[in-house]
Amino acid sequence: MTVPRLVIAAPSSGSGKTTVATGLMAAFTERGLAVSPHKAGPDYIDPGYHALATGRPGRNLDSFMSGPELIGPLFAHGSAGCDLAVVEGVMGLYDGAAGRGELASTAQVAKLLRAPVVLVVDASSQSRSVAALAHGFASFDPQVRIGGVILNKVGSDRHEVMLREALEEAGMPVLGVLRRVPQVAAPSRHLGLVPVAERRADALASVAALADQVRAGCDLEALMALARTAPPLECEAWDPARVPGDEAWHVPAADAGRRPVVAVAGGPAFTFSYAEHAELLTAAGARVVTFDPLRDEALPAGTAGLVIGGGFPEMYAPELSANAPLRAAVAAFAASGAPVAAECAGLLYLAGSLDGKPMCGVLDADARMSDRLTLGYREAVAISDSPLAAAGTRLRGHEFHRTVIEPGAGDAPAWGFTHPERRVEGFVRGGVHASYLHTHWAARPSVAWRFVAAARAADAGAADTP
C-alpha cells in the first residue's frame, strides 16, 4: 500500500507535537483530504482530538502493546483509502519503554512505517543552537529520516531569521514557524488533556484554532510533498475478522445467527478505548451498543456482555453514585455470571466505593484518589480463568492512574505482573474480570472471541430461562 504519511515528533515532551499534529490533521481535512489520524504510544486522549480534527477514528500505534510486527498492519487498516496519514509521536523522538532501547519509541514507529519525520522544536530559548539540536537528532539513527523541522514558540521576526539561518547552514529544511502566542485553550489535569467527550463544543473551537495557527505558519504544500516521499509499505492490513490462528473458535450451528449484545460504557466518565476493540467484538459476532453510566438508568436491552473501559470516574463519582438504578443493574448483571470486562475506570466503578461514594459493589474493594501516579508498561500473565482470558495467557499492557484500590487483588487475581515488578493485581469473580491494566486486544484477538463466546452462552442461557 502507498499512503502519503508523516510522523510528527519532537526532542522532548511539551515541544508542541499535539498542537502541530492536530492542526495539520484539521488543516488538511479542511482541504478535502481524507486524513488518517494516529498516535504513537498508549495515549487515549490525544486520539479524541485527532478524531475531532479528521472525522475518522483516532488510532494508536504502540509497538510494546501490540508488538512491532503489528504496527504496519494496524496502520494499513486504519489508513486504507486515505489521502494522507499523520502520526503524532510520544515523548521525545527516541524515548521508548524503559530499559528496552528503541522499543515503543516514535523513532521505531517511524522506521516500521518507513515514514519521514517532522521534528517540532521549542525554539523559545535558543537561536543558532537549534541547528546543533536538529543535526544531532537527524544523525543519531541514520534509519530515521528527518525531513525538516517546524519551529514552535518563535519570539519575533529577528528570532525567526536567526533560526532559519542556522538551520540553512545545517541543511535542514524549515517547514513551518509558529509564533510565541498564548496557547490554544486545551485544559489539562492529572492524566493529561481533558478528553473531548467532556468539552466537545470547546474542543471543536480549540481544533479550529489549531488549524488556523498551523495553516498560517506551516508550508502545507511542502509537508504534503514530504509525505509523498514515503515508499510503499509492504504488509497486509490487519483484519479484525481474521479468526486467531492459535485457537479454534467455532460457533455452534444453532447459534450461528445469534449476535449477543455487548454493552460498552461511554460518555464523559469512560472515554478510554481503542477503536480496534469494538471492531474485534463486532467481528467475533457481537452487536456492540454504547451506553452512558452518567445518564442511562438501565443497561441496553438484551445485554449479554459488559465492557467498562478506562476514563475519569473519579471526576464524576457523585454523578455515577447518584445513578442508583444503573448501579443496581450492573451489580445484578455481574451476579448472573454473564461476562464483564473492566479496565481501570471500570475497575473503580465495580468497587464498593470511590472516594467514599457508593459504586456498584460488585467487588469487595474500595477505591480512592492518591497523590501517587502509577504509570508504565507491564508484562502480564493471566492468573485465573475468566471470560476474557484463560489462565496462562500472556499479554503486554499499560498502567496509568492516580487512584488506589484496597485490596489491590482478590482471592482470584486477574494478572500476575512479570515485568518490571512481580506482583498480582485485579479481580476475577464469576464472569467478572476487573483490573487496572489497559490492554490492546489486537495483539491477541482471541480475547475478544473468547469474550463474545461467553456472551453468546449467557444470551442462550437467558433465552432458555422460562
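1. Helices (H or I, at least four residues) and strands (E, at least two) are DSSP runs here, numbered from the N terminus. Keep in mind that this is a predicted model: local features need pLDDT of at least 70, side-chain atom pairs count only at pLDDT 80 or more, and totals for chains, interfaces and linings use all residues. Numbering starts from 1 along each chain as its sequence is written, and side-chain values use heavy atoms, with hydrogens and water left out.

2. Have a look at Cys-344, in the loop between strand 13 (340-343) and helix 12 (345-350). Its phi is near 55°, a positive value in a residue other than glycine. Cys-344 has 5% relative accessibility, so it counts as buried (under 20% relative accessible area; exposed is over 50%, partly exposed in between, with a 1.4 Å probe and protein chains only).

3. Asp-355 also deserves a glance: phi is near 50°, again positive in a non-glycine residue. Asp-355 sits in the loop between strand 14 (353-354) and strand 15 (357-358), and at 37% relative accessibility it counts as partly exposed.

4. Then the cis peptide bonds. One joins Glu-406 and Pro-407, with omega about -5°; Pro-407 is in the loop between strand 17 (394-406) and strand 18 (415-419). Another joins His-419 and Pro-420, with omega about 5°, and Pro-420 is in the loop between strand 18 and strand 19 (423-425).

5. Finally, Ser-66, in the loop between strand 3 (59-61) and helix 3 (71-79). Ser-66 is buried, at 5% relative accessibility. Leaving aside residues up to four places away in sequence, Ser-66 touches Ile-71, Leu-74 and Ala-443 (contact means heavy atoms within 4.5 Å).
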